[in-house]
Amino acid sequence: MAELRIYNSLTRQKEVFTPLVPGHVGMYVCGPTVSGESHLGHARPYITFDVVYRYLQTLGYKVRYVRNITDAGHFEEEGREATDKIAEKAKLEQLEPMELVHKYTRLFHWAMEQFNTLPPSVEPTATGHIVEQIGMIEQLIAAGFAYEVQGSVYFDVKKYAASYDYGKLSGRIIDELLTTTRELDGQEDKKDRTDFALWKAAAPEHIMRWQSPWGVGYPGWHIECSAMATKYLGKQFDIHGGGMDLLFPHHESEIAQSTICNHQAPVRYWMHNNMITINGRKMGKSYNNVIRLTELFSGSHPLLEKAYHPMTVRFFILQTHYSSTLDFSNEALQAAEKGLKRLWEAYQKLKKIDYVQKGAPGNGTDEALTQTVNRLLGEVPSFMNDDFSTAKVLANFFELVPVINAIYDGHTPAGALSASTLLHMQKEMTHWLETVLGLQGMEEGGHDKLEQVMNLLIDIRKEARGRKDFMTSDKIRDRLASVGIQLKDEKGGEMTWRID
RNA sequence: GGUCCUGUGGCCGAGUGGCUAGGCAGAGCUCUGCAAAAGCUCCUACAGCGGUUCGAAUCCGCUCGGGACCUCCA
C-alpha cells in the first residue's frame, strides 16, 4: 500500500503522512463566520476537506474532524471604531445576535447537506467556549506573552518573535512586519502594531459581551481556534486545514498562541486550499462579487446564466487540485455540469449491465481492454495518495466512460470483459465516486418535470380514448398505478393524478 | 513597497525532463423514421527571449502578463 503524501504549508513540501497516534487522525478546519450567508468561496474548503475526511476514513483511520462555527463576532480594525460585525448586522436586521447566528448557521448546514459533505465529528461554537478562551489568555499572560491594557488583552508578537519563528508558516518576515504594517488609528493600546487582540473590552453599545478577569468584553478571533482545537484534539494534532487567506495572520497567530500555552507546535500538517476567483478576482465581501450559495442553486444572481446543482459545484471543485486557484465562469460550470452528467450516466449504465449475461464466465475475451480497465482503476489510489489529486482520479474514470457505454450499447461484444472485471469496475466506481469523492446523481427532483411528463401522458391517453383505443388507455393507467401514481378520470373527460 | 504563487490548445483544467491527461465546445463519420443519446475519428498547446541537457511545458536566468497575502476574509 502506497503512502499518503500531503503538501505541508509549513515546510512547503510534500511529506509522507504519519499520524501522531497510529490509526487515528485529528483534523481541525476553520469553519465559517456565521454573520452572513455562505457564498461560493465557502464551498471550496469544506468540500476539499470533506474529501480528505472521507479518504482518511476509507484508509482505515479513525478521524476526529473538528470544524468550528465562529459565532462570536470579532472586531474590525478599520479606522477608529472597533465594531463587532455580528452585533452590527443584527441591529441592521433587527435580530438578536444569537437569532442571527442561528439563522446563518442553519443556512450553512443546509448548504453543506446540499453538497453532500459529511458533518464533522465536533462542531464547536466560539460562544460556547468563552471559558476555554479566557483560560488560554490567562496562561498567555502568566507566561509573559500577553498584556492587558484598559480591559483588552494583546499578544506580544515582538517578544514571541524573539525566541520563536513568527512568520514561518506564512513566509512573513517579522522585521518587515514591524516596520511595514500600516499606521492605523485607535490602536494606541497596543505596544506594537503587529500585536493582535486576544480579548477586547466591549463598548457599552456592544451587544455580544462576556464577563472576564479584564472586565466585560469579547474574545479575539485567533484565540477561539487555538482553544477549541486544543480542547478537542489535544496539544498537538495531525492536520489543520483552511483557506489560504487564513495563513496570515490567523494561522500564524494560532501557532504562536498554542506554542506558548502547550509548549509545542500545535499542528503537524498544515493544509491550505486556494481561492475561488471570479473573473480572475478573489471572491470576497470587499470586492463586491459574492455569489451566495442560495443564489448559485437558484440562479438568481446577475452573474449567473442559470441555476447550478450543488453536485455540479462539487464536481467543478474536485476537477481542480485544491491548491490551485479556480476561476468561476458560467462556461466552466456548464462544462462541469455536462461532464458530471456523462460520467454519472455511464456509472448508472454499468450498474444495469447484466454481468452474468454479458460478462464472460472466466477471463474476458478482450485482454487488452481488460488490462486498460485494470490499469485505470489501479492508478486511482496513487493519485489520491499524491496529495489528494482528485482531478486525476476523475480523469481516469472519464476514460472508463466510453468503455462502459460501448458495452452497454453492444458496440463492444458481450464477453469482452469478464463478469468479475465488470463487477470490480462497478465497485471501484461506487467506492471512489460516491464514498471518497462524495458525488451523487443530479436527480431533477422537482415536481415541475414530473408535472410535464404527466401532462404528456394524459394527453396521449385522451387521444387514445378519443379513438377508443382502450388498450393503450388502460395500459397507461395500469402502468402508472404500478409505480404508485393514481390516475383518475373525472367527469367531463378531465384526468387528475396523485402520488400514493 | 515587501513576501509568495502563477501564465498550458476556442474555454476549463492534469502534468513528477523523454512516451506529449481529462472535460466542455467544434468538425466528419456510424447508428437512427426524426431528434437525442452513444460509438469512432479529427483539431495536439505549453507567454516571450536566452541558458543547462542527447532531449524541457517540466530545471536556471531575464522580460512581459495575471493573481494572492501584508486589513475582516474560505
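Visitor: Which helices and strands each supply at least two residues of the surface near RNA strand B?
Guide: They are α1 (40-58), α6 (174-180), β11 (237-243), β14 (281-282), β15 (326-328), α11 (330-352) and α14 (390-409). Helices (H or I, at least four residues) and strands (E, at least two) are DSSP runs, numbered from the N terminus. A residue is near the strand if one of its heavy atoms lies within 4 Å of it.

Visitor: Before I go on, what are the ground rules?
Guide: This is a predicted model, where local features need pLDDT of at least 70 and side-chain atom pairs count only at pLDDT 80 or more, while totals for chains, interfaces and linings use all residues. Residues are numbered from 1 along each chain as its sequence is written, chains are lettered from A and ligands numbered from 1 in the order in which they are written, and side-chain values use heavy atoms, with hydrogens and water left out.

Visitor: How many residues surround RNA strand B, and which are the closest?
Guide: There are 54, and the closest are Glu176, Trp221, Lys282, Thr320 and Asp409.

Visitor: How do the residues of that surface divide into nonpolar, polar and charged?
Guide: 17 are nonpolar, 21 polar and 16 charged. Here Ala, Val, Leu, Ile, Met, Phe, Trp, Tyr, Cys and Pro count as nonpolar, Asp, Glu, Lys and Arg as charged, and the others, Gly among them, as polar.

Visitor: What part of the RNA atoms within 4 Å of the protein belong to sugar or phosphate?
Guide: 83% of them do, and the rest belong to bases.

Visitor: Which residues of α14 are buried?
Guide: Among them are Val393, Phe397, Leu400 and Ile404. Buried means under 20% relative accessible area (1.4 Å probe, protein chains only).

Visitor: Where is Leu422 found?
Guide: Leu422 is in helix α15 (residues 419-436). Leu422 is buried, with a relative accessible area of 1%. Leu422 and Ile404 are 18 residues apart in sequence, and their C-alpha atoms are 9.0 Å apart in space.

Note on methods:
Buried means under 20% relative accessible area, exposed over 50%, partly exposed in between (1.4 Å probe, protein chains only).
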